[in-house]
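These are my notebook entries on the structure shown below. I record what I looked up, in order.

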Amino acid sequence: MALVLAAGVAGAQLTPGSVGTGSSPSPGSTGSTPAPSTPAPGATPAPGAMPAPATPDLGTPGSDVPTTVPGTGAPGGTRPTPRVGTGGRELPPSPPGIAPSSIEETPGSSQRGQAISPAPALAPSAEAEQVKDGVTEAPDSEETPARRAPLTLAQLVARARESDSRVEEATAELRKFQALYQQARWAWFPKFEITVGAGGPTPEARNDGLGGPPTTEATFKGDLNFGRVGVTMFSTGNAVLPLYTFGKLTALEKAGAQGPVLGAALRERMRNEVGFQAAQAYFGYQLARSGLQQIEEVAKRLEDAGQRIDRLLKEDSAQVSAVDSYKVRFFRQLVEARKAEALQGRQLALAAIGLLANAGPDDVVMVVEEDLELEEDVPVPSLEQALVRAEQYRPEFTAVAAGIAAREQEVFIRERSYYPDLGLAGFYDVRFTTSATRQRTPFAFDPFNDRTAGLGLVMRGTFDIPIKDAQLEQARAELDKLRAQEKQIRAGIRLEVAKVHGELVAAWSRARAFGEAERNARRWVTAAFTAFDLGTGDTRDLVDAFTAYAQASGDKGKSWHDVRVGMAALARVTGAPLAPSE
């Protein structure tokens with residue numbers, strides 16, 4: 001019954017924001033590579049399983065069957081070649097029958113990608129040779145597309161930080177703050193209000209131009225004689241240039257200057273969040289991949305044990321019974337079920353990676369294979385050092401400081417709103433009518449042909465004192481609210497740093513302990529299997545050893561996954577960029 005738990009921890013089930021359990025290959029184990037083509041004697045081939053040909057074709061995209069590579073990969077087990085994902089959702093295949101030959105092997109295939117069988121070379125025809133001189137370049141559609149290199153952690157994080165849609169949204173918000181700052185800088189610029197118009201018809205209005213009596217009969221009012229009608233055209237304008245505003249314009253510019261600072265800090269915060277999610281998806285994929293490796297190793301050992309039990313049953317050996325055969329078959333089917341879950345987790349991780357990397361629907365996403373276990377201990381900063389780094393680099397502190405500075409300038413503007421503004425004002429008024437005489441004396445009113453302009457000092461202000469008092473109190477309340485939020489943000493960030501730091505330290509301790517437990521469990525499995533093969537051990541000892549080994553391997557892989565994710569989380573909560581080695 002314990003192998004149910006063993007198979008469960010070996011398969012990685014990834015969910016957004018978290019990952020399931022799994023294991024990474026452990027050093028020191030050998031002999032876990034299955035036979036490449038010939039099934040074991042007495043084993044039933046899986047439905048659809050075929051012996052591996054001399055040059056297998058593994059170029060089918062979207063295949064969820066890992067391919068073991070003899071002679072390559074991390075010590076302790078075979079390493080599957082990286083799967084090509086497109087970011088789409090695929091259901092895992094139904095578990096096939098247990099047979100070593102159901103998994104193809106490609107001798108000599110690369111560890112970083114699937115081997116593609118080259119197409120047979122075709123000899124050029126006679127006609128092609130005749131027209132070869134007239135062809136300068138082959139069409140693009142006939143060229144073999146370049147194969148993209150698998151993404152490393154640093155490359156995936158960099159792409160997510162630059163091309164994620166949430167980062168693009170934050171960049172657009174930054175541009176809005178920059179435009180508002182430019183608006184605040186040019187607040188002193190005069191606002192020219194100009195009006196231009198024309199209309200008609202206008203009645204005839206003729207006199208001597210000096211305000212004298214009308215010279216035509218149509219000029220008199222009170223009748224319907226309009227004379228020779230015309231049209232009127234006019235243009236008016238005014239502007240005020242602020243000269244002294246008691247500091248209001250300067251304060252407005254200072255407040256606007258905090259906008260780009262706030263926008264840049266919010267964008268950096270989103271970049272850090274997106275980079276952390278990319279690291280989560282990357283390590284989730286590695287955990288699912290290592291879990292599949294562990295499942296393959298457990299399935300191979302169960303297959304060998306099943307074959308041994310069947311052979312002893314045929315020999316009527318008293319060492320085993322039919323119940324032992326049922327147990328092994330039961331555990332083998334559970335392993336296949338966990339394998340389907342691990343395949344689904346790996347597919348979901350690849351979909352998340354494609355989404356974070358802003359890959360298109362037809363883009364091929366490949367990820368390098370990397371062991372979760374670190375060869376050397378990475379020094380973890382102390383909690384005090386992490387808190388100091390968070391105080392220096394967290395963009396939230398920069399954003400809230402910029403917000404407080406802007407609110408302070410707003411309060412200053414509200415306080416100075418009681419004072420008037422002094423400025424230089426100018427205006428003009430030009431009118432022309434074709435059917436009216438222009439008056440040449442300034443004592444005559446001339447609404448038809450007026451030409452006036454002026455320039456002078458003005459003072460402008462309002463006396464709505466109660467409204468200004470309410471606005472000032474509102475601005476002070478907003479400032480106090482933001483200062484209280486700063487205290488909350490500071491306390492929340494310190495708590496977050498302490499939590500992530502403690503989780504990372506605990507993950508390191510678990511990783512070291514489970515690593516030693518996995519090595520002892522591996523020795524136990526080797527001894528139990530040897531004793532069972534020699535006939536000196538029973539099935540119970542073998543099952544207990546398998547259970548302990550699978551449990552330790554799964555816990556080891558999960559703990560190293562927690563270490564790697566914890567390092568990325570610590571980089572996020574302290575505001576420091578994610579190092580390529582992490």
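What percentage of the contacts in the protein with a separation of 6 or more do residues 24 or more positions apart account for? I noted 85%, for contacts with a separation of 6 or more, where contact means heavy atoms within 4.5 Å.

I recorded that this is a predicted model, in which local features need pLDDT of at least 70, side-chain atom pairs count only at pLDDT 80 or more, and totals for chains, interfaces and linings use all residues. Residues are numbered from 1 along each chain as its sequence is written, and side-chain values use heavy atoms, with hydrogens and water left out.

I next looked up the secondary structure, and found 10 helices and 4 strands (DSSP runs, H or I of at least four residues for helices and E of at least two for strands, numbered from the N terminus).

For the strands, I found that β1 (residues 193-202) runs antiparallel to β2 (residues 230-244), with 8 bridges joining them; strands pair if DSSP finds at least two bridges between them. Valine 196 lies opposite serine 235 of β2. I also found β2 paired with β3 (residues 421-433) in the antiparallel sense, over 12 bridges. Asparagine 238 has phenylalanine 427 in β3 as its bridge partner.

I then examined α3 (residues 153-163) and α4 (residues 165-185). Their axes, lines fitted to C-alpha atoms over the stretch in contact, come within 5 Å and cross at roughly 40°. In this contact, Ala160, Arg161, Glu162 and Ser163 of α3 meet Ser165, Val167 and Glu168 of α4.

Key
Axes are lines fitted to C-alpha atoms, for helices over the stretch in contact, and angles run from 0 to 180 degrees between N-to-C directions.
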